[in-house]
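Hello,

Here is the structure I promised to pass on. My notes follow below it.

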Amino acid sequence: MLPVELRWVLLDRDGVINRDSDQYIRAPQEWQPLPGALQALEQLTAAGCRLAVVTNQSGVARGYLSAATLARIHARLFSAVAAAGGRIEAIFYCPHAPGSGCDCRKPAPGLLHRAMRFLRADAAGSVMIGDSQRDIDAARRCGVAAIGVGARPGAFGEDVMVAADLRQAVSQLLRRGAR
C-alpha cells in the first residue's frame, strides 16, 4: 500500500537513478544517470518530498574502489541532481561484502533505518524505490511501502507496485495524489 501523503522517498542508486554495471561503478565518469531519472528526482523535490539514497556498495570491500572514490561518485550524483532542480539530502551506503553479517547491507533494514532517522521520517509517509528483491525486503522490514522498477508486475509480490523505471514510478506516485 502506497502512502496517502508521501513525504519521504528512499531510493536505491544503481539501476534506479543511474546505469548499473556488473563490473561496478568504479569511477565518477562511469556514473551515468538513467533517462528521465534526474527529472523524476526534480519532480519529487518540487512536490515537497525529502529524498535519500540507500545503496549497497560492496565494491569498497572488494577493493574495486576506495571510500574516497565513492565519495567523488556521490558528489557527481549530488551535482547532477541539483543541476536538474532536485535535491537529495543524504546518501547512506553499505561498504560491506555479502555475508559480512552487518546490519546495513540490504535486505537488512539498517540503512533504511539510518536514512529515516536522518530525515525524521515515519514509515506511513515513506516509500522505497528499488530494482531488486533486496530493496523491497529492506522496505518491508521497516514497514515502508515499496515500488519496484525494471521488473514485470507481480515480480516482488502483489503488494508492490512495479514501474518500468524511476520516471514512471514517480509519475504514478504523483498521479495518485501523493504530495
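In what order do the elements of the chain run from the N terminus on? They run β-α-β-α-β-α-β-α-β-β-α. That makes five helices and six strands in the chain. The radius of gyration is 15 Å, close to the 16 Å that the globule rule gives for 179 residues, so the chain is as compact as a globular protein of that length. The radius is taken over C-alpha atoms, and the rule is 2.2 Å times the number of residues to the power 0.38. Helices (H or I, at least four residues) and strands (E, at least two) are DSSP runs, numbered from the N terminus.

Some ground rules. This is a predicted model: local features need pLDDT of at least 70, side-chain atom pairs count only at pLDDT 80 or more, and totals for chains, interfaces and linings use all residues. Residues are numbered from 1 along each chain as its sequence is written, and side-chain values use heavy atoms, with hydrogens and water left out.

**The chain as a whole**

The C-alpha trace spans about 45 × 35 × 30 Å along its principal axes. Of the 179 residues, 50% are buried (under 20% relative accessible area, 1.4 Å probe, protein chains only). Take the contacts (heavy atoms within 4.5 Å) between residues at least 6 apart in sequence: 62% of them join residues at least 24 apart.

**Helix H1**

H1 covers residues 37-46. Its buried residues are Ala37, Leu38, Ala40, Leu41 and Leu44. They cover an arc of only 160° around the axis, which puts them on the same side of H1. The arc is that of the directions from the helix axis to the C-beta atoms. These residues pack against strands S1 (8-11), S2 (50-56) and S3 (88-94), and against helices H2 (67-83) and H5 (166-175). Just after H1, Gly48 has a positive phi of about 95°.

**Helix H3**

H3 runs over residues 110-119. Gly110, Leu111, Leu112, Ala115, Met116 and Leu119 are buried there. Their packing partners are S1, S2, S3, strand S4 (126-130) and helix H4 (133-142).

**His74**

Is His74 buried or exposed? His74 counts as buried, because its relative accessibility is 6%. This residue sits in helix H2. Leaving out residues up to four places away in sequence, His74 touches Arg13, Thr55, Ile91 and Tyr93.

Best wishes
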